[in-house]
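Take it one heading at a time and find each residue as you go.

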Amino acid sequence: LTEAYLFARAGVGRDPRADEVRVALAARYGDAAIVDLAFGIAGAQVFPTVKRVMGHGQSCQRYAFDV
């Protein structure tokens with residue numbers, strides 16, 4: 001779990017050490033785990049980005065969609 005956290009931080013921060021952590025994770029959990037982590041990392045950034053683009057990213061508050 002610590003390696004996954006380090007991988008996420010390194011990947012988001014464009015840290016070159018992400019490569020060595022990715023290799024260690026793939027050796028331990030397999031390539032499918034890397035794909036799962038990649039989608040999880042990317043997906044975690046979607047909502048804050050959409051919120052900010054819609055003009056609701058100035059403060060840390062819940063946004064209620066009017067549908």
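## The overall fold

If you read along the sequence, you get the pattern α-α-α-α. Keep in mind that this is a predicted model, where local features need pLDDT of at least 70, side-chain atom pairs count only at pLDDT 80 or more, and totals for chains, interfaces and linings use all residues. Residues are numbered from 1 along each chain as its sequence is written, and side-chain values use heavy atoms, with hydrogens and water left out.

How much of the protein is buried? Here, buried means under 20% relative accessible area, exposed means over 50%, and partly exposed is in between (1.4 Å probe, protein chains only). Of the 67 residues, 13% count as buried. The protein exposes about 5600 Å², and carbon and sulfur atoms supply 60% of that. These areas come from the Shrake-Rupley method with a 1.4 Å probe, and for residues only the protein chains shown count as cover. Next, contacts, meaning heavy atoms within 4.5 Å: among those between residues at least 6 apart in sequence, 32% join residues at least 24 apart.

Helix α1 covers residues 2-12, and its buried residues are Ala-4, Phe-7 and Ala-10. Looking down the axis of α1, you'd see these buried residues fall within an arc of 130°, so they line one face of the helix. (The arc is that of the directions from the helix axis to the C-beta atoms.) On the other side of α1, Thr-2, Tyr-5 and Arg-9 are exposed. What covers the buried residues? The cover includes α2 and α3.

Now look at the loop between α1 and α2, where you'll find Arg-14. Arg-14 has a positive phi of about 55° although it isn't a glycine. Arg-14 is also exposed, with a relative accessible area of 76%.

## The nonpolar core

In soluble globular proteins, nonpolar side chains tend to be buried together. A nonpolar core is a set of buried Ala, Val, Leu, Ile, Met, Phe, Trp, Tyr and Cys residues joined through side-chain atoms within 4.5 Å. Which residues make up the largest one here? The five are Phe-7, Val-21, Leu-25, Ile-34 and Ile-41. Two elements, α2 (18-29) and α3 (31-44), each give two or more residues to this core.

Zoom in on Phe-7. Leaving aside its neighbours within four places in sequence, Phe-7 is in contact with Ala-18, Val-21, Arg-22, Leu-25, Ile-34, Leu-37 and Ile-41.

## Salt bridges

Side chains of opposite charge can pair when their charged atoms come close. A salt bridge is a side-chain nitrogen of Lys or Arg within 4 Å of a carboxyl oxygen of Asp or Glu. How many does a search of the whole structure find? There are three. One of them joins Glu-3 and Arg-28, at 3.8 Å from N to O. This pair links distant parts of the chain, since Glu-3 is in helix α1 and Arg-28 is in helix α2, 25 residues apart. Glu-3 is partly exposed at 26% relative accessibility, while Arg-28 is exposed at 58%.

Another bridge pairs Asp-19 with Arg-22, at 2.9 Å from N to O. These two are three residues apart in helix α2, so about one helical turn separates them. Asp-19 is partly exposed at 45%, and Arg-22 is partly exposed at 32%. Then there's Arg-17 with Asp-15, whose closest N and O atoms are 2.6 Å apart. Arg-17 counts as exposed, at 52% relative accessibility.

## Nonpolar residues at the surface

Nonpolar side chains turn up on the surface too: Val-46, Phe-47, Val-50, Met-54 and Phe-65 form a nonpolar patch with about 470 Å² of accessible area together. Patches are made of residues with over 30% relative accessible area and no salt bridge, with like charges joined within 9 Å and nonpolar side chains (Val, Leu, Ile, Met, Phe, Trp, Tyr) within 5 Å. Phe-65 lies in the segment after α4 (46-53).

Finally, find Val-23 in helix α2. Val-23 is exposed, with a relative accessible area of 53%. Val-23 and Ile-34 are 11 residues apart in sequence and 9.2 Å apart in space, C-alpha to C-alpha.

How values were computed: Helix = DSSP H or I, 4+ residues; strand = E, 2+ residues; numbered from the N terminus.
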